[in-house]
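Here is a short report on helix packing, ring pairs and backbone geometry. Please look at the model first.

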Amino acid sequence: MNAASTDLVARTRAFVRDVVIPAEPAWGETLHDDALAALRAAARDAGVYAPHAPVEYGGLGLALPEWSPVFQEAGYSPIGPAALNCMAPDEGNMRLLEVVAGREQKERYLRPLVQGGIRSAFAMTEPHPGAGSDPAALATTARRVDGGWVIDGEKRFISGAEGGAFAIVMARTEATGEFGAGATMFLTPLDATGVRVGPGIGTIEAAIAGGHPHVVFDGVFVPDADVLGQPGEGFRYAQVRLGPARLTHCMRWLGLARRAHDIALDRAANRQLFGARLGDLGLAQALIAESVIDLETTDALIDKAARVLEADPRAGAALSSVAKVHASEAVYRVIDRAVQLCGGDGVSSGLPLIQYLNEVRPFRIYDGSSETHRWAIARRAMRARDREVAAGEPRRDRVDTGASR
């Protein structure tokens, strides 16, 4: 990292510990809008607001390979990413709009999103048998009409839709003129005629504002000006968003895992058992060591994936899939070990560890389940090796039977 990025990490660390953590709501409560607005104003004053977003639209313009240390510091508090306006789904939508949107679309949607005046959603997931882990199952459709498109379909688990200003909607479209069939992204106000938000879906986590409701699109007209990018290119654009979005989830939750680990270390340093500090007992040391290993390997994998993603988006998206699986499971293990080390307090409301465990558990499902990613990772590995062998690389599994002796 350069000196400016290092300084931003230090200022973010200080801001989260000195300003954000004292403002955390009690367990089971949510952060009120006025409190969030005050935190964001303070973040602007501290020069740590929207670190990832373009400078032109109100952010700090940090390059993707330098996001992780900042996002980890933000994630040290469950409300830190919201205070810095680098929380999902808005952060991922900002990235997609920055890369794909036209100038007028950026003014209408990106600028107010970065500045914190509105929230957004990304509407792809659908009720069974529609799109979920398999985007190819996309069932929502958009048909061409004079001056625009009409969307029909139902989405579910649309994070941030309650109270959101707009959604980026994925819909299947037929070939029209110069554009081929495929999926198309639409910038759709959530108060448009024909949009129904709800009912909500209760979940064990609460960090994402706006819940995870159903959203129905019943004959929703979207003008041509609100097509994001080109018709038929939605699946390609989705990778622009999903690769970095997987990684930023990893970054934020790694920060929360570090907080849990610090709680465990403080307990191990101060709890006396069997005539010794807890941290001097072998079983506790084993738990602590395993958590350090999980934290460090996750950090290294995120860092590599971010650098590859910047240099080669296709290879980076593949590596972000690996990072997502590892991080989503590693951060859960770290927090779970912290619960164990804190004993009865670990499962009580006296410490925030169970809240943290609830927050990170869905990550093994969000942005593609671990099982789906493993399937894709294995397929990529097999295809890559098949190409090497087809190009002349010798097979390494052949067994010398001794027949020629």
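Contact here means heavy atoms within 4.5 Å. Helices (H or I, at least four residues) and strands (E, at least two) are DSSP runs, numbered from the N terminus. This is a predicted model: local features need pLDDT of at least 70, side-chain atom pairs count only at pLDDT 80 or more, and totals for chains, interfaces and linings use all residues. Residues are numbered from 1 along each chain as its sequence is written, and side-chain values use heavy atoms, with hydrogens and water left out.

**Helix packing**

Two packed helices are described by the angle between their axes and the distance between the axes. Axes are lines fitted to C-alpha atoms, for helices over the stretch in contact, and angles run from 0 to 180 degrees between N-to-C directions.

On the α3 side, Trp67, Ser68, Phe71, Gln72 and Gly75 make the contacts. Their partners in α7 are Thr248, Met251, Arg252, Leu254, Gly255, Leu256 and Arg258.

Helix α1 (residues 3–20) packs with α2 at an angle of about 145°, and the axes are 11 Å apart. Here Arg11, Phe15, Val19 and Val20 of α1 meet Leu39, Ala42, Ala43 and Ala46 of α2.

**Rings**

Rings of Phe, Tyr and Trp (its six-membered ring) pair if their centres lie within 6.5 Å; planes under 30 degrees apart count as stacked, over 60 as edge-to-face and the rest as tilted. By this rule there are four aromatic pairs. One of them is Trp67 with Phe71, stacked at 5.5 Å centre to centre with 5° between the planes. Both residues lie in helix α3 (residues 67–75), four residues apart, about one turn of the helix.

Trp67 has 2%, so it is buried. Phe71 has 0%, so it is buried too.

A charge sits over a ring if NZ of Lys or CZ of Arg is within 6 Å of the ring centre and within 35 degrees of the ring normal. Two cases follow.

| Charged residue | Ring | Distance to ring centre |
|---|---|---|
| Arg17 | Tyr76 | 3.8 Å |
| Arg241 | Phe122 | 4.4 Å |

**Two buried residues**

Val48 is found in the loop between α2 (33–46) and α3. Its relative accessibility is 0%, so Val48 counts as buried. Beyond its neighbours within four places in sequence, Val48 contacts Leu8, Arg11, Thr12, Phe15, Ala43, Leu60 and Leu84.

Arg337 belongs to helix α9 (residues 313–346). At 13% relative accessibility, Arg337 counts as buried. Not counting residues up to four places away in sequence, Arg337 touches Leu287, Glu290, Ser291 and Asp294.

**Backbone**

Most residues other than glycine have a negative phi, and most peptide bonds are trans. The Ala88 to Pro89 bond is cis, with omega near -5°. Gly198 and Pro199 are also joined by a cis peptide bond, with omega about 5°.

Phe274 has a positive phi, near 55°. Phe274 is in the loop between β9 (272–273) and β10 (276–277). With 78% relative accessibility, Phe274 counts as exposed.

Notes:
Buried means under 20% relative accessible area, exposed over 50%, partly exposed in between (1.4 Å probe, protein chains only).
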